[in-house]
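User: I have a model open and want to know what stands behind the labels attached to it. Please take the labels one at a time and set each against its definition.

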Amino acid sequence: MGNSAPMKREQAKRGKWDAVIVGAGIAGLGVARALVLKRKKVLVLEKKVSGVSTLNASGILDPFVDLDFRPSVLRITIPALKKYGGWINQIENETGFSTGYEKRALLYTAFSKAEEVKLKRFLHIRGVRKIMRVKWLGRGEILRLEPGVDSQVRGGLFLPEVARVLPAKLAKVLRAWLIKQGVVFRTITASPRLITQENRTLGIRVGSRSFRAETVVGCLGAWACVEEKKTGLHQPVQAVRGQLAVYRRNKPLKVLLHTADGGYLIPWVPGRILAGSTVEKNQFQAVTEKQGMRQIHRHAVKMLPELADSNPVKFWSGIRPKSLSGSPRIGKTAVSGYYVANGYYRCGILVGVYAGELLARLILTGKTPVELQPFKVKL
């Protein structure tokens, strides 16, 4: 169904599109996928910045979102997880590239009574057991499953139907698939500005260049809180930096390991495991610092004591977009034709494509899907 190169050039010459998406992270790519599947002419504008969350995330497809979420988020995280393998297989088969997607169980570990109580609460979230498998494992079960875990573990919350993906590969493969379908990507250096007339969207202006479209979707990620002040792309989110580190470990982990207080260890590449992550608000510099590395090391050793004398062989950081309300912001704004998909924070890699499908349904029908009701954009 891909559009030809001459058609792309003609679209660019006319400067007229069905939709312009501002931002090429997982939120923007997800919306672009949904719209191009409906045969819409889609332009994606991207501004090169360091620390983009999509490229620097851990890739854990966890519907409980590190235990840091509102129950309403399960409305999109669990369906997104169930649909993930289907669309991943599609783009991998059609491009011939791998995203690193694999099914892998997740284990949240408790090392204190308070952590045990916290984890067991999630067993009783209304309706969870009806839509996904989750159970409690005792100390003996955990040590048989993953012998390297600290023997002081009290128990853990076990999610056998979780998965992981390599985010940088995912973005590359999804982008290649979108280009094959006719989506056009343009790199911009100036700040994009929304063009409106009588409260209706007409397109986007970047410097002296205009891109005409009756639908514009703002997916600026963490940088929305900077851009909104000068562009009209209003998205009240904050930047939250997360640092990560890679350790050597020849024996692969059987499960994705997580503490009850934010640390995790996951298989990365052969002979390596990824450890994370910090939560640093209002930080736009994608750098790593000693304090953050020490925090990550403490979490890692808490789960696998064998790492006590190990040093990271690689480290980096990413900047996540967190909405001020704590929930994603997905929907229409007060300006007709202007929509936003942002504030995904730690669940972006998981929900980006599914949320894009839901938002596209709203754009095309004018009706807000019930799954998006909790994430309406408050005007």
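Analyst: Buried means a relative accessible area under 20%, exposed means over 50%, and partly exposed lies in between, with a 1.4 Å probe and protein chains only. This is a predicted model, in which local features need pLDDT of at least 70 and side-chain atom pairs count only at pLDDT 80 or more, while totals for chains, interfaces and linings use all residues. Residues are numbered from 1 along each chain as its sequence is written, and side-chain values use heavy atoms, with hydrogens and water left out.

User: Why is Pro192 called buried?

Analyst: Pro192 has a relative accessible area of 1%. The cut-off is under 20%, so Pro192 counts as buried. Pro192 belongs to strand β11, residues 192–197. Strands are DSSP runs of E with at least two residues, helices are runs of H or I with at least four, and both are numbered from the N terminus.

User: What makes Asn199 partly exposed?

Analyst: The relative accessible area of Asn199 is 46%. Asn199 sits in the loop between β11 and β12, and its phi is near 65°, a positive value in a residue other than glycine.

User: Which other residue has a positive phi although it is not a glycine, and is that residue buried or exposed?

Analyst: Val65 has a positive phi of about 50°. Val65 is found in the loop between β4 (60–61) and α4 (74–95). With a relative accessible area of 5%, Val65 is buried.

User: What makes β11 an edge strand?

Analyst: Two strands pair if DSSP finds at least two bridges between them. On that rule four strands form an open sheet in the order β1-β13-β12-β11, with mixed pairing. β11 and β1 (16–17) each have a single partner strand, so one side of each is left without a neighbour in the sheet.

User: How do you know that β12 and β13 pair?

Analyst: Strand β12 (residues 200–206) and strand β13 (residues 209–213) are joined by four bridges. The rule asks for at least two, so β12 and β13 pair; they run antiparallel. Across from Arg205 stands Ser210 in β13.

User: What makes β4 and β9 partners?

Analyst: Two bridges join β4 to strand β9 (residues 163–164), and the two run antiparallel. In β9, Ala163 is the bridge partner of Leu61. The open sheet here has three strands in the order β4-β9-β5, with antiparallel pairing. β4 and β5 (102–103) stand at its edges, because each has a single partner strand.

User: Why is Cys347 too far from Cys219 for a bond?

Analyst: A disulfide is a covalent bond between the sulfur atoms of two cysteines. Here it is defined as a pair of cysteine sulfur atoms within 2.5 Å. The closest cysteine sulfur to that of Cys347 is in Cys219, at 14 Å, so it is too far for a bond. The structure holds zero disulfides. Both cysteines count as buried, Cys219 at 5% relative accessibility and Cys347 at 4%.

User: How do you know that the radius of gyration agrees with a compact globule?

Analyst: The radius of gyration is taken over C-alpha atoms, and the globule rule is 2.2 Å times the number of residues to the power 0.38. For 379 residues a compact globule would have a radius near 21 Å; the protein has 21 Å, so the two agree. The C-alpha atoms fill a box of roughly 65 × 40 × 40 Å along the principal axes. Of the 379 residues, 56% count as buried. The protein has eleven helices and 22 strands.

User: Which residues touch the most other members of the largest nonpolar core?

Analyst: A nonpolar core is a set of buried Ala, Val, Leu, Ile, Met, Phe, Trp, Tyr and Cys residues joined through side-chain atoms within 4.5 Å. The largest such core has 53 residues, and Leu61, Tyr84, Leu178 and Leu359 touch the most other members. Helix α11 gives the most to this core, with eleven residues. A second, separate core of 26 residues includes Tyr108, Ala110, Leu157 and Leu244.

User: What does Tyr84 touch?

Analyst: Contact means heavy atoms within 4.5 Å. Not counting residues up to four places away in sequence, Tyr84 touches Leu61, Tyr101, Val165, Leu170, Ile349 and Leu350.
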